[in-house]
Amino acid sequence: MKKSNSTFYLLITPVLLWLLALIVIPHLDMLFRSFRFETDDGLWVFSLNNYLAFFEDSIYWFTFVQTALYSIGVTILAFVVTFPVAFFLTKVVGKRYSSFMTLLLLIPIWIGELVTVYGWMILLRDNGVINSFLLKIGVIDTPVEMLFTNFSMTIGLLYISMLFMIVPMMSALESMDDSLIEAASDLGASKWTIFRQIVIPYTTPGIVSGGIIVFMLVIGDYVAPNILGGKSSLWFTEQIYNKFLATFNWSEGAAFGFLLLLLSSSIVWVALKLSGQKLDKVGS
Amino acid sequence: MNYVLEIKNLTKKFGNFTAVDSVSFNVEDGGFFSILGGSGCGKTTLLRMISGFEEETAGDLLIRGESMKGIPPERRPVNIVFQNLALFPMMNVEKNVAFGLQRQRLPKSEVQSRVNEMLERVGLVGFEKKKVTELSGGQRQRVAIARSLVLKPEILLLDEPLGALDRKLREHMKVELKVLQKEIGTTFIYITHDQSEALVMSDTVAVMNEGRFEQIDTPKCLYKNPETSFVAGFVGESNEFDISSYVNGKLTTSKGCILAKQKLDFQPKKLFIRPEAFILNPAADLSGIERIEMQVKSILFDGSNTKIAAIIKSGHQEVLISLPQNAQFEDLREGDDIQVGVHQDDLKCYKD
């Protein structure tokens with residue numbers, strides 16, 4: 001008993017240290033900072049001014065809502081794009097090829113977000129691969145502006161987050177017995193009904209858990225909106241970045257950071273309620 | 001004759017492998033038809049062709065006289081109870097049973113009344129709102145059957161649905177299934193590797209081996225008069241002997257035991273004798289039997305299924321003999337010498 005107890009503490013200490021030093025303490029520090037305000041006399045007082053600043057300028061509001069809507073949009077797109085792939089890899093193609101193809105899917109992660117995003121720049125810019133090709137085959141006669149728009153930003157966000165959708169979905173689909181599909185078909189269900197009534201409900205935990213990861217990654221991403229997005233593609237993380245590093249207003253930056261956390265958490269909460277899932281179930 | 005299912009030279013090939021090899025048979029309306037065979041004999045492939053999940057390589061199958069060629073599973077008047085039941089885990093009992101009816105776009109009230117009627121029939125009243133994961137094995141079984149039968153199929157296909165149940169429940173479900181089938185009158189086609197399931201429940205049993213039917217018969221005929229050596233060895237227990245010669249009405253086994261057997265118009269290669277065909281210490285005046293001297297090697301006690309393993313003295317071959325559990329042979333011990341009789345009719349000979 002004594003021995004197993006000490007083993008338990010030995011094993012849990014790094015985890016607790018990690019959580020405390022890298023998550024709890026920085027967050028508490030930021031939380032305190034967000035409520036501190038420097039008066040004209042140079043005194044630090046408790047105040048809600050940092051939060052109020054958010055409501056004073058409509059650009060903050062606008063960015064906030066745009067970030068939320070685009071993040072939801074990218075999450076839905078990620079589902080639409082990856083579901084057929086996940087279904088194909090788990091249910092259609094044989095086991096042998098499936099693991100190889102899954103490996104191919106994972107390769108982009110090894111490269112890193114920044115390089116991937118620059119890769120998209122090469123593809124999307126005016127004299128880039130896609131435009132040159134379209135010009136050459138004569139579909140267009142002037143380059144289509146794709147880079148530095150909401151379109152390029154969405155593509156970038158989708159690309160870097162997609163895989164986090166596909167993996168939980170594949171594991172949900174893998175655990176689904178093929179005979180469920182056959183049984184539904186035998187009972188007279190069309191392909192669409194099978195998809196809607198059997199496959200989707202069965203994989204909902206996987207979809208929701210993948211959705212949460214994608215959403216969180218996207219709403220908190222900085223690189224893709226900053227590099228691929230244009231002037232109109234404002235992302236809330238950029239506002240936070242500007243507060244910290246452009247205006248050196250750490251207190252407002254902290255307040256904005258907490259607003260973003262509040263926003264993303266409440267959207268996830270609503271999504272869980274809507275899909276009837278529980279966080280602990282989705283997490284496993 | 002009124003056949004609900006007619007199968008004509010049905011063949012299925014996977015690459016070079018022939019899973020079902022030109023099988024033909026008819027199933028009578030309202031019967032309990034079993035297909036019995038070991039694993040890999042092609043019985044599941046055959047079932048999947050009837051249900052429409054596999055496309056035949058050649059041949060045809062007709063349900064109520066109508067060819068099912070190219071008709072997808074969802075439009076065939078057959079339903080299947082899967083080996084693992086394949087109940088929908090995200091739905092409760094009622095929704096599972098209603099699933100097929102809802103696909104036919106029937107009015108809600110009719111769906112409800114038919115579901116209730118079916119649940120009553122299978123004894124699941126009060127379980128409507130239960131999740132299927134909360135049910136016992138036998139109850140899940142009944143949900144799976146109800147889910148298919150509620151659609152009133154011409155044929156219900158069952159793919160070893162009792163395989164996952166424990167022994168006691170399986171014995172119980174065997175009887176229940178047979179009663180249910182008689183009550184409802186739907187034709188059942190039952191796939192199994194368990195001969196006892198096939199023999200107990202069926203009106204007709206087809207024994208399948210390597211993609212072909214060896215024999216189609218009533219359970220009793222199948223047991224009493226197996227037509228091929230495969231059936232003789234597969235259905236029920238049997239003692240198998242290799243025959244090395246058959247001259248002048250005398251069979252000689254490869255181990256040298258000689259038995260008289262009249263009227264064979266072929267050269268037999270195999271001999272089968274059921275354990276219960278042996279008569280222990282037959283009366284001296286009993287005629288028409290072959291008498292064999294043996295020595296008891298061991299007694300394998302198994303309740304009503306108790307057997308003796310005995311050695312044929314002249315042939316040094318071990319055979320299994322049924323031992324009735326009455327007082328008559330109570331004092332039989334290992335090492336005892338016994339005389340065993342067997343009717344010539346019970347010596348089943350085959351040429352391959």
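Started with β9(B) and β10(B): they run antiparallel and are joined by 5 bridges. For the record, I take helices (H or I, at least four residues) and strands (E, at least two) as DSSP runs, numbered from the N terminus. I call two strands paired if DSSP finds at least two bridges between them. Checked one position: V207(B) has Q215(B) as its bridge partner in β10(B). The hairpin of β9(B) and β10(B) has 2 residues between the strands, and in that hairpin E210(B) takes a positive phi near 50°.

Before going further, a note on the source: this is a predicted model, where local features need pLDDT of at least 70, side-chain atom pairs count only at pLDDT 80 or more, and totals for chains, interfaces and linings use all residues. Residues are numbered from 1 along each chain as its sequence is written, while chains are lettered from A and ligands numbered from 1 in the order in which they are written.

**The other side of β9(B)**

What does β9(B) pair with in the parallel sense? I found β3(B), over 4 bridges, with β9(B) covering residues 204-209. Within this pair, I35(B) stands opposite A206(B) of β9(B).

**The whole sheet**

Zoomed out and wrote down the strand order in chain B: β6-β7-β8-β3-β9-β10, an open sheet of 6 strands with mixed pairing. Which strands stand at the edges? They are β6 (78-81) and β10 (212-217) of chain B; each has a single partner strand, so one side of each is left without a neighbour in the sheet. On average, neighbouring strands of this sheet are turned by 20° against each other, direction ignored. My axes are lines fitted to C-alpha atoms, for helices over the stretch in contact, with angles from 0 to 180 degrees between N-to-C directions.

**Helices on the sheet**

Helix α1 (residues 43-51) of chain B lies across β3, β6, β7 (155-159), β8 (187-192) and β9 of chain B, and runs at about 150° to β7(B). Helix α4 (residues 137-149) of chain B lies across β6 and β7, at about 170° to β6(B).

**Chain B overall**

I count 8 helices and 20 strands in chain B. An automatic or database domain assignment sets the bounds: domain 1 spans 3-233 and domain 2 spans 237-347 of chain B. Their centres, taken over C-alpha atoms, are 39 Å apart. Along the principal axes, the C-alpha atoms of chain B fill a box of roughly 75 × 45 × 35 Å.

**Confidence**

Looked up pLDDT, the predictor's confidence in each residue, from 0 to 100. Chain B has a mean of 90, and 100% of its residues reach 70 or more. The model scores ipTM 0.81 and pTM 0.80.

**Contact with chain A**

Last stop: the contact takes 15 residues from chain A and 17 residues from chain B. On the side of chain A that touches chain B, α8 (178-186) and α9 (191-219) each supply at least two residues.

Terms used. Contact = placed C-beta atoms within 7 Å.
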